[in-house]
Amino acid sequence: MLVSLHPDFVREGEPIMIQIKSVLLAVVLCVAMGCRAVGPTSLQQTHPQYNHAISRSLDEQFLLNLVRLKYRDNPYFLGVSSVTTQQSVESDVSASVKLIRGGDTLTPSAGITYKETPTISYSPLSGDQFLKQILSPVPLEAVLILTQSGWSVQRVVSVCVERANGLGNASNASGPTPTSEPRFEQFAEMTEILRELQVADALELGAATCEPDADGHMKEGHDLVLQLKPGAPADRVARLKELLGVQGAGDQLRLTNDFLNRPEDGLAVRTRSMMGILFYLSHNAEVPPPHQAAGLVTQTQSAEGKVFDWNEVTGGLFRVRSSTSRPANAFVAVPYRGAWFYIADNDLESKSTFMLLTQLFNLQAGQIKTVAPALTIGVGG
């Protein structure tokens, strides 16, 4: 930032010392006003930029790790632990006088130098505690919280739940891409019914107070239940119970993770781990034909011996596309193995599931304290 004075400011015939004092006073005022504006202006300019850059880099990291899993490459997570910036303002004021025949000439000059030095610290997410969190099943309470916070029960259950009673949700898809096609059709029908009931406000997932035991004492804690409200469509409720194998149950199904001792009115649920969810969503990443021909990814075979289309499983929820060049209509895109992988900006279903994925990751592993040393990089200078 430079401050200059108009030549008319220097008045001929005025004593040189008076001119110098006038110039210096004006320069000091300009510098002071500039310094006062630096702080607020810097905040307005840098805060949105850092916010956008960090959010974008984390989205790209998630997508990159999904693509890595498709190729059976190791995923790696690097968190931004802190961002610190330092701003400094330096001012310079000077004036020179030339003595020439017929009068004096005063040449003033002033300048302000603004410098910003950001420091960004990265922390690798690793260690025993992180692995336990990312490999542990998502708690049923987390599924409850997400559905109560406005998420579609169909989306949450399809992503998080691997099995419900006798219904499998592509159980072999919670790891590397399987060679044989998964079983998922009846589970998908069940989630469609749950969504219909949720939209009709005929379904509630929540906590119920435990009933007294045989001695009349109240059990500690509470049960998670799936409550079917009065007025729910009878035919859809009947089909839901038929799929789950609980035709004789009432309108309240108690959720449990015990498949061996499930009560008659119970809904035994096995959730995926965070890593299992990442694998599950990675299978529908579109791979360039040359990579398929080179055997870089596993191709799932159907019962008829044809290549299985994973769009049938997660196509309505999540899809990663690929192209040979950087796509112009991408919500998020990453280069990998000579190709570009991206989520289309107009693919709202995939964007919603991607947002759910990040919330699940933060809920499951975002609070882990890392023991690995942080990598601190000073940017600029």
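Arg-321 counts as partly exposed, at 22% relative accessibility; that class lies between buried (under 20% relative accessible area) and exposed (over 50%), with a 1.4 Å probe and protein chains only. Its salt-bridge partner is Asp-347, which is buried, with a relative accessible area of 15%. The pair links distant parts of the chain, 26 residues apart: Asp-347 is in the loop between strand S12 (339-344) and helix H10 (348-365), and Arg-321 is in strand S10 (residues 321-323). Helices (H or I, at least four residues) and strands (E, at least two) are DSSP runs, numbered from the N terminus.

This is a predicted model, in which local features need pLDDT of at least 70 and side-chain atom pairs count only at pLDDT 80 or more, while totals for chains, interfaces and linings use all residues. Residues are numbered from 1 along each chain as its sequence is written, and side-chain values use heavy atoms, leaving out hydrogens and water.

A salt bridge is a side-chain nitrogen of Lys or Arg within 4 Å of a carboxyl oxygen of Asp or Glu. The count comes to 12 salt bridges by this rule, including those tabulated here.

| Salt bridge | Closest N and O atoms |
|---|---|
| Asp-347 with Arg-321 | 3.3 Å |
| Lys-229 with Glu-204 | 3.6 Å |
| Asp-251 with Lys-241 | 3.9 Å |

Lys-229 is partly exposed at 25% relative accessibility, and Glu-204 is partly exposed with a relative accessible area of 36%. Asp-251 is partly exposed, with a relative accessible area of 42%, whereas Lys-241 counts as buried at 11% relative accessibility. Salt bridges also link Glu-189, Arg-239 and Glu-242 in a network.
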